[in-house]
Amino acid sequence: MQLEFELPAIVPQMVEAKVLQLLAKEGDGLAIGAGLVELEVDLSSYVIHDCPPISYFRIVLREAAWLRRFAVTVGETVPVGRIIAQLSTTPDESLGGDGARRVRVNVAGVIPNWDVIR
Amino acid sequence: MALGPIALDGLAVQRSGIRWLVMDGCYCAAGQVVAYCNIGLVPKPGRPRGALPFGEEVRDLQITLAPSQAGVLHIRSGLSKGGYLDQLHFYQNWDAEEIAAELEIASGMDCGNAAPHWLLGGAAGRRVTELAEDRSGLLTGWHNRARAWDAECSGHLSVLSLGICEQNGIFRGEMNGFAELLAASPAPLHAIHIGDEALVPCSRTLVEQQSRSDADNDRIAEDMMRGLIDTGIPVRPSDLLFAGSAMAALARRPLADGVDLLTRNGIYASGVDAVVLSIHAEPGRLLRHKRLGYHAFWHEFRTFDAGPAVREWLQLAFEPVYRGPEDKARDLVVLREKAASVGIRHMMIMNAMSSSGHEDIVNYRPFPGNLGSQIASISAKETNLLVDELAASCDIAVLDADAIAAAVGSGANLPDGVHQSRLLQHELRKEILHILSERGAFNSAPGQPAIAT
């Protein structure tokens, strides 16, 4: 089964997020609870917004899966709805075509790693 | 209802036209602020000319009017002149006999022995710069300190709000003039709010501000100007405005700011009796000036808009200092001691919302190690716990915003964890007054000697 993770609207007003960290490598078999990606949501990036415009989130898997491909790079800003990662339930099934479903994930608000941000 | 006297030795009161906040024929509650005017103090003949009370607030000094009883207000015509005549104080003298309005009390309502009369309130704003003039309303303008008080009597409890924006609405209320807080207070209150625009009032910076000498402040100012130029980036107006307001804020001592209170019976000097802090003003990352060693924190969205030279100067001249909950607690203990040393008897800390509607984490496996250093909601819970421990050990009260928000519904009333609804602000306001009452703060508000005018 092909799986994909597309950027959700974690905060209702957000339209995009910046990829801060990729937390796994392509080809990894990921267990439940494994981290996938860390994101920065800056509400002031597209509209004037006062405090607190920036928040940080980590996406973790709620089901085991194989990470096949990241469709983003660190530092890239991506819109809500854009596919960030492709995964599968077996390590080598072919990707592409229709029929992928959304991978089950949890979202955690995190304290940023300032070294990564700088 | 006549305006009633304001008795000041050696000073006369001038006023602008009266601006009404309600329509003629409107039903008004007892104590509801329905009008205000700008006032000025001028020496009476024979009084030596010299420094007048209210210092830097003298241009944004106002009096509010509230009826002592509920009723339908019939406004006398001609008191509002419109335009600048309602904004500048020097067109009319304060006349104690002047009738501003009549109050129609519903039949059957017992007025008691006292005829309805005006309850006066005072309001004053200290401008960030004299250029920041805006007399368009009640306490309007860019103020680095705004305050209001009951002007009917002395013996106020002076409460200073030193939080981030979350305290702004709690203290200043829907109309900006502190009316809700003053009306809810069980005893005469003097409410002061210092905002976070020019410098976030965190414990470490407050302690340092209190300890710095004028020479220290001069060195900070000189370094700031030299630092901006040395970036080599053309300095823009936004850089200078940011630098000027930050420089002024760094040189203030908010805990020991002496102020004047105008009442019907005179002008009184006041300090601060109680301070309300915000744990949201305690960032995990402070800036430390590499050479001079002082700490500062500005909200990132403000430094982002500050200007290119300021941003570069912040990068070059400062280094980050990371603070965990224990560091914040240590700083708050030092601040408590410092506050006590200048006569502040009560300190209250507003804690943080510790859950987020934007996360659904159920499994902590991807967060090995200390959860509090990784997950924002856990960190907030740990910080709140530390605040509770501080409260138990060093005479600090906790304003439990976390619990109150949960009780009224945080999703509807605190959607981003910081900015509250009117309902939540009302509940937090009540809780501040309740805590102060429980601590006996209103019973021990000091008598204030009149300033010789």
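1. Order of elements in chain A. Starting at the N terminus, the elements of chain A follow the order β-β-β-β-β-β-β-β-β-β-α. In total, chain A holds one helix and ten strands. Please keep in mind that this is a predicted model.

2. Burial and contacts in chain A. Chain A has 118 residues, and 31% of them count as buried. Taking the contacts of chain A with a separation of 6 or more, 70% are between residues 24 or more positions apart.

3. Elements and overall form of chain B. Chain B contains twelve helices and 20 strands. Its radius of gyration is 24 Å, close to the 22 Å that the globule rule gives for 453 residues, so chain B is as compact as a globular protein of that length. The C-alpha trace of chain B spans about 70 × 50 × 40 Å along its principal axes.

4. Burial and contacts in chain B. Of the 453 residues in chain B, 46% are buried. Where contacts in chain B join residues at least 6 apart in sequence, 79% of them link residues at least 24 apart.

5. A helix pair in chain B. Helix α10 of chain B (residues 401–408) packs with helix α12 of chain B (residues 422–438) at an angle of about 135 degrees, and their axes are 10 Å apart. This angle makes α10(B) oblique to α12(B), because angles over 145 degrees count as roughly antiparallel and 65 to 115 as roughly perpendicular, with the rest, apart from those under 35, being oblique. The crossing of α10(B) past α12(B) is right-handed.

6. Residues between the two helices. On the α10(B) side, the contact is made by Ala401(B), Ile404(B), Ala405(B) and Val408(B). On the α12(B) side, Leu423(B), Leu424(B), Glu427(B), Leu428(B) and Glu431(B) take part. Sorted by class, the contact between α10(B) and α12(B) has seven nonpolar, no polar and two charged residues.

7. Where the chains meet. How many residues of chain B are in contact with chain A? There are 24 residues of chain B in contact with 20 residues of chain A. On the side of chain B that touches chain A, α6 (300–304) and α9 (376–394) of chain B each supply at least two residues. The largest share of that side, three residues, comes from α9(B).

8. Classes of residue on the chain B side. The side of chain B that touches chain A has nine nonpolar, nine polar and six charged residues. For the reader, this can be set beside the contact of α10(B) with α12(B), which has no polar residues.

Definitions and conventions:
Residues are numbered from 1 along each chain as its sequence is written. Chains are lettered from A and ligands numbered from 1 in the order in which they are written. This is a predicted model: local features need pLDDT of at least 70, side-chain atom pairs count only at pLDDT 80 or more; totals for chains, interfaces and linings use all residues. Helices (H or I, at least four residues) and strands (E, at least two) are DSSP runs, numbered from the N terminus. The radius of gyration is taken over C-alpha atoms; the globule rule is 2.2 Å times the number of residues to the power 0.38. A residue is buried if 20 or more other C-beta atoms lie within 10 Å of its own, exposed if 12 or fewer, and partly exposed in between; C-beta atoms are placed from the backbone. Two residues are in contact if their C-beta atoms, placed from the backbone, lie within 7 Å. Axes are lines fitted to C-alpha atoms, for helices over the stretch in contact, and angles run from 0 to 180 degrees between N-to-C directions. A crossing is left-handed if the near helix is turned anticlockwise from the far one by less than a right angle, and right-handed if clockwise. Ala, Val, Leu, Ile, Met, Phe, Trp, Tyr, Cys and Pro count as nonpolar, Asp, Glu, Lys and Arg as charged, and the others, Gly among them, as polar.
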